[in-house]
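Here's a quick briefing to read with the model open beside you. Take the topics in any order you like, and look up each residue as you go.

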Amino acid sequence: MKRRLTFPAIGIALISALALYVVKYDTRRIDEERRRLEHEIADLERAIALDRAELANLARPGRIERLAAAHLKLAPVTPDQLGAVGDIPWREEAMPPSDGKEH
Amino acid sequence: MADPAAPAPSMRETGKDPAERHGAPGRPGGRRRALALSLTLALGFAAVSGQLVRLAAIGQMASLNNEVRAIGRGIARPDIVDRAGRLLATDIVLPSLFADPSRIIDLDDAVERLSEALPDLDPAGLRRDLSDRERRFVWLERGMHPDEAQKVLELGIPGLAFREELRRVYPGGDGTGNLLGYVDIDNRGRAGLERYVDGQDLVDLVDGPTRSERPPVVASIDLAAQHILDSELTAAVRRYDAESAAGLVMDVRTGEIIAAVSLPAYPAGDAAATLEPRHLDRLLIGTYELGSVFKTLTFANAFDLGTARPDKIYDATEPLKVGRFTIDDFHGRHRPLTAEEVFIFSSNIGTARMASEIGAERQQAFLDRLGLLAPLPTELGEGAPPQRPETWSEASMLTVSFGHGLAVTPLSFAAAVASIVNGGRRITPTFLKVAPGSAHGEAPPDQVVTPATARLMRDLLRANVAKPGGTGGRAAVPGYRVGGKTGTADIAGKGGYVGSDVLTSFVAVFPTDEPRYLSLVLLWKPKGTNGTGDQTAAGHNAAPTTARIITRIAPLLGLEPDYRDPGM
């Protein structure tokens, strides 16, 4: 009776030891993976910060102005180019019907 | 509760004699235990051997994973962005090169190849640093570009290594030095908004090069507006052959500074440049007698007290004699003028007469209420204290009314005018963006003048630009209903006012029917040129410069032009 109980117990102990071993090393592997990923994320974040700084530097208003003057046929918006939607006249064909006297 | 505890002492009792419970060795149970024990031991040894094998096999790889951790602590700072979210200042991680001189093998070779790879490095200094074998650590270059670091790495010189550090960079523009300030080599803010960030405890001590996780600090300036102001003022200095210029654009409702330029502009983050005397911030640290722009305040004071109305008559026929002073007009009309005419012809005589109705005491109280008699507190530090008359005599009262005898910072003057035209609510200039809606949410602001006075002042400022003969006519921008006042002040040198050197200024408000923005333009020592018909008065230089600035900035700020009212 006692022997019958002991061997399964040893078996279970062995299996659980093995399982523990596997889990432990899995954990360690995953932990290493986590650290690797964190490192990669930190690297990427630094790269993003650097890129954002470079982008901001390239998008300086003074630089854009210089480039636009040299390469584009565009100029800054002037006040007389701004208007309200209501100020836009109706197109001829879309004109509301009128009695003709106003034209 | 007492019952379950009762058996415990008896169990402890039996535990005292292990022999009784487990039996003596030699019994059948003992063999089994010996077997179990040896199995356990065997398993233990197997585990230890397994671990040893594992370490032997992959130990090297694991140690490769062990990177060199940066020692010491750094300071991580939040980003600073402009009101539209453009990046003004940020921390980036850059490699810093250091050397262990005791490990340098071939000094000549190292110096030669290093200075070839890094042309910025001084070869003589490099040789001195590297030849000191007593030292184990010497910085060669802090905060270098990653590409440069790669080049040095490829040289393969022993004794050189890198440490990654946080470095502050200012990618946003070249002309923000007066606003952003700078940080020291350890990333501590030493001037400008950077110092403010430290003062607000927004920086973090970090291990190694870890960027701050705090939300960005949002400045009130608009980088595009700042650039426009900078380039227009620079152009004005050239056009009018002036010595220097400064200017600002402010939101009259919130006090937010949209743009602030003091020429010559210089890049942020440059400690040496910041401390140069010529880079002194003329808007915040310089105090000036601003001249006739000050009449704006005198008129607001008189309207608010009820001592004057726009149609009240003031006699400007004869110069006014006060003690040894004679107050005269620049372009005298030599006739009685209405208050409005006094303003738009910028009559000193008329304004002085108006001031004498106000009286020295009420004048002082009013200027004090506007914050002009005390240093202006800002995020960039306290403004320069005003230089006021020693005794507020009758004569000083009269001269102060048209902007002489009291020297103030242009920023505090701009804030005073904004506080009047915005409906009379006193505002404090701020260099941080004000969240929409929060401006009026806090304690009710001080009312410095009544809304009725504010309306009268808007109309008066508008009349000075729109009506024929007004000194501000050249500041008109179609669609934006600009109102403003000119100022042409003699510059006081040693022993009083000398020569024809003037400081011209123009304070403008737009649009006058519902003021949103105020601009102030200052030009030091402009000369008469062909374009100005040899005139040096503000109406010929500061006013047209203001028009150019508003033409470019107003659309950017989202102001819709309105052409319904071309005349007034």
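The largest nonpolar core has 146 residues, and B:Ala414 and B:Leu518 have the most contacts inside it. A nonpolar core here is a set of buried Ala, Val, Leu, Ile, Met, Phe, Trp, Tyr and Cys residues joined through C-beta atoms within 7 Å. Helix H17 (residues 410–421) of chain B gives the largest share of this core, nine residues. Keep in mind that this is a predicted model: local features need pLDDT of at least 70, side-chain atom pairs count only at pLDDT 80 or more, and totals for chains, interfaces and linings use all residues. As for labels, residues are numbered from 1 along each chain as its sequence is written, while chains are lettered from A and ligands numbered from 1 in the order in which they are written.

**Terms you'll need**

- "Buried" means that 20 or more other C-beta atoms lie within 10 Å of a residue's own; "exposed" means 12 or fewer, "partly exposed" is in between, and the C-beta atoms are placed from the backbone.
- Two residues are "in contact" if their C-beta atoms, placed from the backbone, lie within 7 Å.
- Helices (H or I, at least four residues) and strands (E, at least two) are DSSP runs, numbered from the N terminus.

**Chain B overall**

- Chain B has 19 helices and 18 strands.
- Of its 568 residues, 45% are buried.
- Take the contacts in chain B between residues at least 6 apart in sequence: 72% of them join residues at least 24 apart.

**Strand E3 and its partners**

- Strand E3 (87–99) of chain B is mostly covered, with 11 of its 13 residues buried.
- E3(B) pairs with strand E5 (residues 160–169) of chain B in the antiparallel sense over 10 bridges; strands count as paired if DSSP finds at least two bridges between them.
- Across that pairing, B:Pro95 has B:Glu164 in E5(B) as its bridge partner.
- E3(B) also pairs with strand E4 (residues 138–141) of chain B, again antiparallel, over three bridges, and B:Leu97 stands opposite B:Glu141 there.
- E2(B) is another antiparallel partner of E3(B), over two bridges, with B:Val81 opposite B:Leu87.
- The hairpin of E2(B) and E3(B) has five residues between the strands, and B:Gly85 takes a positive phi near 90° in it.

**Helix H9**

- Which residues of helix H9 (residues 192–199) of chain B are buried? They are B:Gly192, B:Leu193, B:Glu194, B:Tyr196 and B:Val197.
- The buried residues of H9(B) pack against strand E2 (80–81), helix H8 (177–180) and strand E7 (217–218) of chain B.
- After H9(B) comes B:Asp201, with a positive phi near 60°.

- A cis peptide bond links B:Leu263 to B:Pro264, with omega about -5°; B:Pro264 sits in the loop between strand E9 (257–262) and helix H11 (271–275) of chain B.
- The peptide bond from B:Phe510 to B:Pro511 is cis too, with omega near -20°, and B:Pro511 lies in the loop between strand E17 (496–510) and strand E18 (517–524) of chain B.
- B:Arg481 isn't a glycine, yet its phi is positive, near 45°. B:Arg481 counts as buried because it has 25 C-beta neighbours inside 10 Å.
- B:Lys525, in the loop between E18 and H19 of chain B, has a positive phi near 50°. With 18 C-beta neighbours inside 10 Å, B:Lys525 counts as partly exposed.

**Where chain B meets chain A**

- The contact takes 30 residues from chain B and 22 residues from chain A.
- On chain B's side, the elements that give two or more residues are helix H4 (28–65), strand E3 (87–99), helix H10 (223–239) and helix H19 (542–556).

**How confident is the predictor?**

- Chain B averages a pLDDT (the predictor's confidence in each residue, from 0 to 100) of 84, and 89% of the residues score at least 70.
- Over residues 1–20 of chain B the pLDDT is below 50, and this stretch has two contacts beyond near neighbours in sequence.
- Where pLDDT is low, the predicted coordinates should not be read in detail.
- For the complex, the predictor gives an ipTM of 0.71 and a pTM of 0.78.
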